[in-house]
Amino acid sequence: MGNSNSMINVTFDRSQPTVYYGGDIVSGRINITIPGNTDKIHDIHLIVTGDVGYTTTRTTRMQNGQTERITDHHNIRIFEQKVTIGQGLSTEHNEAGGRINNRASFESGQYVYPFSVHLPDSLPPTIHPTDYPFVRYELQLFIEKKWYNQDGQCRYPLRVYPRVNLLQKINSQCAVKFDTKRNDIKIRGIIQRAGLIPGEKTNLSLEIYNPNHATIKRIDVCLIQRYEIEQCRRRLELIRFAVPDLVNRNDIHIEVSCPITVPMGISPTYNFKNKNGNTCVHVNLHYDIKLEVKVKGIFSDFDLQVPIIIGTDSAELSSFGDATKVPSLLADLNTMDMLELEAHDDALLE
């Protein structure tokens with residue numbers, strides 16, 4: 001990654017974009033080209049940061065007596081690690097004679113700095129990094145030198161997810177049974193398993209009792225991601241489809257089933273609380289499968305939500321070494337980035 005026209009370029013050891021999990025190492029190289037008229041390098045800092053951002057609103061009274069709602073933006077740093085990069089300084093031909101952060105002088109040429117940062121095990125997942133509320137991770141490079149004509153700062157977004165082992169989650173391997181009765185229509189359902197991983201397929205079975213022969217126009221199945229960052233609540237619809245073989249049916253008894261495939265690239269279910277001094281931040285991300293039942297008639301539609309758990313597992317984590325799986329992961333992460341732009345308020349989140 002990086003701008004080939006600049007004096008500085010950062011390349012990662014993993015193809016980008018990718019997911020880094022809690023406990024992983026973010027590593028790569030910094031390539032710096034020093035022009036011939038440079039006499040001394042000043043500080044260069046490589047920092048990996050994690051930030052949580054959210055908003056709050058308050059009402060103030062103005063001088064004319066009217067009230068005004070003000071939005072305050074909060075930014076909480078939950079992780080920061082500065083990397084010493086001067087020790088690994090080298091050129092294509094020989095080792096350099098000093099360390100950058102000791103303000104050593106270097107001749108013009110191409111310099112390479114390997115870096116590695118170990119991520120903590122417990123970090124909240126990257127969430128909607130483009131706008132509030134967010135959980136955002138970045139690799140930042142700060143340069144203090146006149147010859148570097150840009151703003152002196154390079155930013156590389158990182159996607160970080162916690163590791164969630166479904167075997168440690170109670171009842172994650174069990175089926176999820178649910179039922180509801182609205183307008184004399186009774187629905188019983190089973191989701192094959194409560195705990196799933198990205199890319200996995202599960203089965204949804206429905207049994208519908210409809211004694212009054214109401215016309216069920218269709219039933220939509222949605223996978224909803226819900227997240228809460230302090231007081232900010234959002235929901236994101238990941239998938240939506242209509243149950244096959246269930247269009248304008250008015251039978252007394254209906255049995256249908258359909259597969260549900262969990263999208264690749266999505267974060268695991270996670271609840272994060274962090275208290276640092278006087279600052280406390282809470283991030284909660286979870287999922288449910290929502291059934292929207294469309295029935296002929298006024299005010300006849302209804303829906304129900306069934307919670308599920310999304311996790312990670314060793315097979316998925318080891319797939320980074322499989323080059324055949326990387327392109328699909330890249331595509332799914334880019335799809336997630338586009339989806340996250342559509343997140344909206346979730347006033348119904350309990």
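Author: Two strands pair if DSSP finds at least two bridges between them. The model discussed here is a predicted one.

Reader: Which residue of β18 stands opposite Glu292?

Author: Strand β17 covers residues 279-295, and seven bridges join it to β18 with the two strands running antiparallel. Within this pair, the residue of β18 that stands opposite Glu292 is Asp303.

Reader: How many of the residues of β17 are buried?

Author: A residue counts as buried when its relative accessible area is under 20%. By that cut-off β17 is largely enclosed by the rest of the structure, because the number of its 17 residues that are buried is 13.

Reader: Over how many bridges do β13 and β17 pair?

Author: Strand β13 runs over residues 216-229 and pairs with β17 in the antiparallel sense. The bridges between β13 and β17 number 13.

Reader: Which residue of β17 stands opposite Lys275?

Author: Strand β16 (residues 270-276) also pairs with β17 in the antiparallel sense, here over seven bridges. In β17, the residue found opposite Lys275 is Cys280.

Reader: Which residues make up the covered face of β18?

Author: In a regular strand, side chains alternate between the two faces of the sheet. For β18, which spans residues 302-310, the uncovered face holds Asp303, Gln305, Pro307 and Ile309. The covered face is formed by Phe302, Leu304, Val306, Ile308 and Ile310.

Reader: Which residue in β18 is the bridge partner of Gly195?

Author: Strand β11 consists of residues 195-196, and its pairing with β18 is parallel, over two bridges. Within β18, the bridge partner of Gly195 is Ile309.

Reader: In the open sheet of three strands, which strands stand at the edges?

Author: The sheet has the order β1-β3-β6, and its pairing is antiparallel. Each edge strand has a single partner strand, so one side of each is left without a neighbour in the sheet, and these strands are β1 (8-12) and β6 (109-118).

Reader: And what is the average twist from one strand to the next in that sheet?

Author: The strands concerned form an open sheet with antiparallel pairing. From one strand to the next, the twist averages 20°.

Reader: Which residue of β3 stands opposite Ile8?

Author: Strand β3 takes in residues 25-34, and β1 pairs with it in the antiparallel sense over five bridges. In β3, the residue that stands opposite Ile8 is Ile32.

Reader: Which element gives the largest share of the lining of the largest pocket?

Author: The largest pocket has a volume of about 310 Å³, and of its 17 lining residues the closest to the centre are Pro17, Pro157, Leu158, Arg159 and Asp337. Two or more residues of the lining come from each of β7 (134-143), β8 (153-161) and α2. The largest share, four residues, comes from α2.

Reader: What is the relative accessible area of Val160?

Author: Val160 is found in strand β8. Leaving aside neighbours within four places in sequence, its contacts are Tyr20, Leu119, Leu123, Pro124, Pro125, Thr126 and Tyr137. Val160 is buried, and its relative accessible area is 1%.

Reader: How far apart are the C-alpha atoms of Val160 and Gly50?

Author: Along the chain, Val160 and Gly50 are 110 residues apart. The separation of their C-alpha atoms is 9.2 Å.

Reader: For the protein as a whole, what percentage of the residues count as buried?

Author: The secondary structure comes to two helices and 19 strands. The protein exposes about 18200 Å², of which carbon and sulfur atoms supply 46%. Among contacts between residues at least 6 apart in sequence, 66% join residues at least 24 apart. Of the 350 residues, the share that counts as buried is 47%.

Technical notes: Residues numbered from 1 in each chain as written. Predicted model: local features only at pLDDT ≥ 70, side-chain atom pairs only at ≥ 80, totals over all residues. Heavy atoms only, no water. Axes fitted to C-alpha atoms, helices over the stretch in contact; angles between N-to-C directions. Buried < 20%, exposed > 50% of the residue type's maximum accessible area, 1.4 Å probe, protein only. Contact = heavy atoms within 4.5 Å. Areas by Shrake-Rupley, 256 points an atom, 1.4 Å probe, with all protein chains shown as cover. 1 Å grid on protein atoms, 1.4 Å probe; cavity = no way out; pocket = protein on both sides within 12 Å on 5 of 7 lines; lining within 4 Å. Points joined across faces, edges and corners; volume = space filled by probe spheres on them.
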